[in-house]
Amino acid sequence: MDNLVIAATERSPEVNFDFEGGQLSLKGESYPEDASSVFGPIFAALEQYLVQAEGKTVTFDFNLIYFNSSSAKALMNMFQILDDAADRRGVKVEVNWRYAEDDETMQEFGEDFSEDLEHLTFNLVPTKG
Amino acid sequence: MTIPAPGPGGANPTGLAAHYREFKRVLDERGIIFSFSGYLSEGILYSLGDTLRQKMTLEDTDLTTIKKVFSVFVEQAQNIIRYSAEKVQGNLGKTVELSSGMVTIGTEQGRFFIVCANTILEEDVPRLKQRLEMLQKMDKDEIKAYYKEQLREAPDEKSRGATIGLIEIARRASEPIEFDFDRIDAEKFFFCLKVSI
């Protein structure tokens with residue numbers, strides 16, 4: 001299927017989903033007033049991909065600096081979809097949650113998200129500067 | 001606060017400049033970094049938020065504090081955009097909806113504070129009041145646990161995300177949140193929420 005590439009805007013993240021290579025990434029900030037307008041197309045592409053990704057390895061890099069509460073809900077939903085694909089479709093999902101090493105907020109979000117996920121690998125990756 | 005009425009202008013103590021200098025002095029004395037009152041849009045939210053982050057960064061505020069202040073600012077401003085009862089709507093090539101309210105950010109006693117205010121309908125007061133009272137009574141760990149629980153809940157159609165937004169605000173606060181309602185008329189209240197960080 002076609003890759004999903006969406007440039008960042010002032011209040012939405014850069015999306016780079018290379019489905020062929022199994023490399024997905026979300027980068028930047030996300031605080032649209034209406035989170036569904038930003039996450040709707042992302043979910044649609046992701047779900048379409050996951051139904052045909054049986055046995056494949058998917059690496060998902062999150063490099064987010066800030067997101068609002070409705071985006072946090074959308075991200076949690078995304079992790080549940082990924083965890084479900086790992087559980088029921090045997091997709092090998094590896095999440096890299098990247099955050100600046102002095103950014104306690106993003107570290108805590110990574111910890112919160114990862115808590116109930118049982119079937120995917122969730123790495124907390126502090127980065128310098 | 002008492003602001004003298006503007007005089008006829010020119011360099012006189014009751015003139016235009018003196019009037020607005022006094023107005024600004026009152027704001028400055030209260031430690032206000034900026035205060036916005038009027039119709040708020042996503043574009044204004046972005047610009048004010050960006051300026052706020054730059055200002056705090058230039059003053060060497062630590063990253064965690066900048067993130068907390070910014071987050072509370074965004075949630076508060078988006079609550080006004082969503083829930084203010086004072087709106088104008090129309091079509092300007094696309095559908096435009098503007099919501100009126102007030103956002104004030106400043107420092108007092110070494111802490112940042114963010115106050116938002118907007119008009120709400122009386123019928124919406126009990127539900128909002130109950131949510132805020134609940135958050136006010138919770139300690140840090142309870143708020144964190146409640147946040148995690150709500151993060152996993154399916155979105156509540158009517159609230160359009162308010163539940164998690166208010167919890168996010170309470171979570172970033174250094175002291176219990178303060179709020180108040182002031183009756184405007186038979187149908188409306190002036191709602192105000194203050195958060196210290």
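Predicted model: local features only at pLDDT ≥ 70, side-chain atom pairs only at ≥ 80, totals over all residues.
**View 1. Overall make-up of chain B.** Chain B is built from six helices and six strands, and read from the N terminus its elements follow the order α-β-α-α-β-β-β-α-α-α-β-β. Among the contacts in chain B whose separation is 6 or more, 58% are accounted for by residues 24 or more positions apart.

**View 2. The open sheet of chain A.** Six strands of chain A, in the order β1-β2-β3-β4-β5-β6, form an open sheet with mixed pairing. The edges are taken by β1 (4-6) and β6 (121-127) of chain A, and because each has a single partner strand, one side of each is left without a neighbour in the sheet. From one strand to the next the twist averages 15°.

**View 3. The pairing of β3 with β4 in chain A, and the helix on the sheet.** Strand β3 (residues 23-30) of chain A runs in the parallel sense to strand β4 (residues 57-67) of chain A, and the two pair over eight bridges; within this pairing, A:Lys27 stands opposite A:Asn63 in β4(A). Helix α3 (residues 104-114) of chain A packs on the sheet, where it touches β4, β5 (92-100) and β6 of chain A, and the direction of this helix makes about 160° with that of β5(A).

**View 4. Helix α2 of chain A and the glycine after it.** Helix α2 of chain A, residues 69-88, comprises 20 residues and reaches 29 Å from its first C-alpha to its last, which is close to the 28 Å expected at 1.5 Å a residue. Of those 20 residues of α2(A), 14 are buried, so the helix is largely enclosed by the rest of the structure. A:Gly90 follows α2(A) and has a positive phi, near 65°.

**View 5. Where chain B meets chain A.** Here 18 residues of chain B are in contact with 16 residues of chain A. On the side of chain B that touches chain A, the elements giving two or more residues are α2 (42-58), α3 (63-83), α5 (140-151) and α6 (162-172) of chain B, and the largest share, eight residues, comes from α3(B). By residue class, this side of chain B divides into eight nonpolar, four polar and six charged residues.

**View 6. The largest nonpolar core and B:Ile114.** The largest nonpolar core has 77 residues, and those with the most contacts inside it are A:Val93, B:Val69, B:Phe73 and B:Ile114. Helix α3(B) contributes the largest share of this core, 10 residues. When residues up to four places away in sequence are not counted, B:Ile114 touches B:Val69, B:Val72, B:Phe73, B:Gln76, B:Ile105 and B:Val195.

**View 7. The surroundings of B:Phe189.** B:Phe189 lies in strand β6 of chain B, residues 188-196, and counts as buried because it has 21 C-beta neighbours inside 10 Å, where 20 or more are required. Apart from neighbours within four places in sequence, B:Phe189 is in contact with B:Ile120, B:Glu122, B:Val125, B:Phe181, B:Asp182, B:Arg183 and B:Ile184. B:Gln150 is 39 residues from B:Phe189 along the chain, and the C-alpha atoms of these two residues are separated by 28 Å.

How values were computed:
Residues numbered from 1 in each chain as written. Chains lettered and ligands numbered in written order. Pairing = 2+ DSSP bridges. Helix = DSSP H or I, 4+ residues; strand = E, 2+ residues; numbered from the N terminus. Axes fitted to C-alpha atoms, helices over the stretch in contact; angles between N-to-C directions. Contact = placed C-beta atoms within 7 Å. Buried ≥ 20, exposed ≤ 12 C-beta atoms within 10 Å, placed from the backbone. Nonpolar A, V, L, I, M, F, W, Y, C, P; charged D, E, K, R; others polar. Expected span 1.5 Å × (residues − 1). Core = buried A, V, L, I, M, F, W, Y, C linked by C-beta atoms within 7 Å.
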